[in-house]
Amino acid sequence: LVLGARGSGEPTEERHGLGLTVATAVATIGERLTGRDLAVSGLEYPAEPIATLVDSPQTYLDGIERGVDRAVEQLARRAELCPAEASVLVGFSQGAMVMHRAVDRLAAEAPDVLDRVAGVLLIADGDRFPTEEIAHYGSAESRVGHVGVGHIVSAGQAGGAIPAALHGRVVSVCDAGDPVCDPRSVSLDAYERHTGYKVGHREARDAAEHVAALAAEFVAAAA
């Protein structure tokens, strides 16, 4: 199963609920896992527009938590129905925050479900928390302290260090100047940087290929 979470304001109708950025990454993952039975699902959650964060911050943050709830529920349900199935999680922007917090929740509440996660791809993660256990792509610095905007607007809820069970299986993409994942160095072309991880972004593609390789290794080891 590849479970994808779209970014802020992206409609559920776009790319089967994945949004363009996540759909691009999922297509790359699919190319590298040719011949495998690959189910793809877009996570149903509000994905409130970024303007909501300004006008009604709690509504925006509540939407993220609803996404976390649904991701955890969906993964737990799939683990029951298909106990041998591995999962790959992909999220962009707000969707990456959802996936980041979802693995934190699984580590605390359902470690057996977390054990079935073969790889995680976080694109422009608002909860970005650089550590050496994460593979980093993009031009943003990966030193501790260069955290995402979620640690500013929702410090008590933001995802932290990746759970030990996922060390080596999480890949993060962030470009310097992206206002969501690298707010310490916001640039004049911040919007373009944040929305530029789609077709043609070499490092985003490399990151997706990395996650596909992790998934292939995981499945082979479990066989």
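Reply: Cys 82 is partly exposed, at 29% relative accessibility. The cut-offs are under 20% relative accessible area for buried, over 50% for exposed and partly exposed in between, with a 1.4 Å probe and protein chains only. This is a predicted model, in which local features need pLDDT of at least 70, side-chain atom pairs count only at pLDDT 80 or more, and totals for chains, interfaces and linings use all residues. Residues are numbered from 1 along each chain as its sequence is written, and side-chain values use heavy atoms, without hydrogens or water.

Cys 174 and Cys 181 are both buried. They form a disulfide, with sulfur atoms 2.1 Å apart; the cut-off for a cysteine sulfur pair is within 2.5 Å. The link is right-handed, with 90 degrees about the S-S bond. A search of the whole structure finds one disulfide.

Now the cores. A nonpolar core joins buried Ala, Val, Leu, Ile, Met, Phe, Trp, Tyr and Cys residues through side-chain atoms within 4.5 Å. The largest has 32 residues, and Leu 3, Leu 89, Val 120 and Leu 166 have the most contacts inside it. Elements giving it two or more residues include β1 (2–5), α3 (57–81) and β4 (117–123). Such elements are DSSP runs numbered from the N terminus: helices are H or I of at least four residues, strands E of at least two. A second, separate core of 30 residues includes Cys 174, along with Val 2, Ala 86 and Ile 123.

Leu 3 touches Ala 71, Gln 74 and Leu 75, among others, leaving aside residues up to four places away in sequence. Contact here means heavy atoms within 4.5 Å. Those three residues are among the buried residues of α3, as are Tyr 60, Ile 64 and Val 68. The 25 residues of α3 should span 36 Å at 1.5 Å a residue, and its end C-alpha atoms are 37 Å apart, which agrees. The expected span is 1.5 Å times one less than the number of residues.

Also in α3 (57–81), Arg 78 is partly exposed at 25%. Its side chain meets Glu 85 in a salt bridge, 2.5 Å from N to O. The term needs a side-chain nitrogen of Lys or Arg within 4 Å of a carboxyl oxygen of Asp or Glu. The whole structure holds 12 salt bridges. Another joins Arg 202 and Glu 209 at 3.9 Å. Arg 202 is partly exposed, at 47%.
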